[in-house]
Amino acid sequence: QLRLVESGGGLVRPGGSLRLSCTASGFVLDYYLISWFRQAPGKEREGVSCISSTGNNRDYEDSVKGRFTSSRDNAKNMVYLEMNALESEDTAVYYCAAAWLGYGTDCPARAADVSYDWWGQGTQVTVSS
């Protein structure tokens, strides 16, 4: 079955860290641009980060810059979102999404500006004391 799968969510105290992982089942991520989105209760889904297929281009939403880092290991078919200095406002369901845009295509100005071919089921991140 072809799908994206996220993992690594959980409950963490403010100031803590989590690393989310995203992998593909049934296909390889090498040629896909990967974005992370999140949706908090009562709020619209927002793009958090983007990483190009080569990993050479990355972009982040302003509120997470300096705290979140996206990376990828194509040999392992994995993409990661390292989240540090977590705040209560980061509480949301986090989704990874894959877009086939051509190898090496840079991230769009906004993660939501492109059409994604695959979405994961989401992983819950809760930041609370």
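**Disulfides, strands and a pocket**

Mentor: In this predicted model, C22 and C96 form a disulfide, with their sulfur atoms 2.1 Å apart.

Trainee: Why is the pair of C22 and C96 called a disulfide?

Mentor: The cut-off is a pair of cysteine sulfur atoms within 2.5 Å. The sulfur atoms of C22 and C96 are 2.1 Å apart, so the pair counts as a disulfide.

Trainee: What makes the disulfide of C22 and C96 right-handed or left-handed?

Mentor: The torsion about its S-S bond is about 70°, so this disulfide is right-handed.

Trainee: Which parts of the chain does the pair link?

Mentor: The pair links distant parts: C22 is in strand β3 and C96 in strand β9 (residues 92-100), 74 residues apart. Both C22 and C96 are buried.

Trainee: How many disulfides does the structure hold?

Mentor: The structure holds 2 disulfides. Another disulfide joins C50 to C107, with an S to S distance of 2.2 Å. That value is also within 2.5 Å, so the label applies to C50 and C107. The torsion about the S-S bond is -95°, and the link of C50 and C107 is left-handed. This pair, too, links distant parts of the chain, with C50 in strand β5 and C107 in the loop between β9 and β10 (118-119), 57 residues apart.

Trainee: How do you know whether C50 is buried or exposed?

Mentor: Buried means under 20% relative accessible area. C50 has 3%, so C50 is buried. C107 has 14%, which is also under 20%, so C107 is buried.

Trainee: What is the pairing when the bonded cysteines are numbered in sequence order?

Mentor: The pairing is 1-3, 2-4.

Trainee: Now the strands. Why are β3 and β8 said to pair?

Mentor: Two strands pair if there are at least two bridges between them. Strand β3 (residues 18-25) and strand β8 (residues 78-83) have 6 bridges, so they pair, and the sense is antiparallel. Among the opposite residues, R19 stands opposite E82 in β8, and the bridge partner of L18 in β8 is M83.

Trainee: How many bridges join β1 to β3?

Mentor: 5 bridges join β1 to β3, so this pair meets the cut-off of at least two. The two strands run antiparallel, and L4 stands opposite A24 in β3.

Trainee: What is the order of the strands in the open sheet?

Mentor: The open sheet has 4 strands in the order β1-β3-β8-β7, with antiparallel pairing.

Trainee: What makes β1 and β7 edge strands?

Mentor: β1 (3-7) and β7 (68-73) each pair on one side only. Neighbouring strands of this sheet are turned by 20° against each other on average, direction ignored.

Trainee: Is F68 buried or exposed?

Mentor: F68 has a relative accessible area of 2%, under the cut-off of 20%, so F68 is buried. F68 has its place in strand β7. The C-alpha atoms of F68 and V48 are separated by 8.7 Å, and these residues are 20 residues apart along the chain.

Trainee: What makes the phi of N77 worth a remark?

Mentor: Most residues other than glycine have a negative phi. The phi of N77 is near 60°, a positive value in a residue other than glycine. N77 lies in the loop between β7 and β8, and its relative accessible area of 13% is under 20%, so N77 is buried.

Trainee: Why is A85 called partly exposed?

Mentor: Partly exposed lies between the two cut-offs, 20% and 50%. A85 has 37% relative accessibility, so A85 counts as partly exposed. A85 is found in the loop between β8 and β9, and has a positive phi of about 50° although it is not a glycine.

Trainee: Which residues lie nearest the centre of the largest pocket?

Mentor: G47, E61, R110, A111 and A112 lie nearest its centre, and the lining has 17 residues. About 310 Å³ of space lies in this pocket.

Trainee: Which strand supplies the largest share of the lining?

Mentor: β5 supplies the largest share, 5 residues. By class, the lining has 10 nonpolar, 2 polar and 5 charged residues.

Key: Residues numbered from 1 in each chain as written. Predicted model: local features only at pLDDT ≥ 70, side-chain atom pairs only at ≥ 80, totals over all residues. Heavy atoms only, no water. 1 Å grid on protein atoms, 1.4 Å probe; cavity = no way out; pocket = protein on both sides within 12 Å on 5 of 7 lines; lining within 4 Å. Points joined across faces, edges and corners; volume = space filled by probe spheres on them. Nonpolar A, V, L, I, M, F, W, Y, C, P; charged D, E, K, R; others polar. Axes fitted to C-alpha atoms, helices over the stretch in contact; angles between N-to-C directions. Buried < 20%, exposed > 50% of the residue type's maximum accessible area, 1.4 Å probe, protein only.
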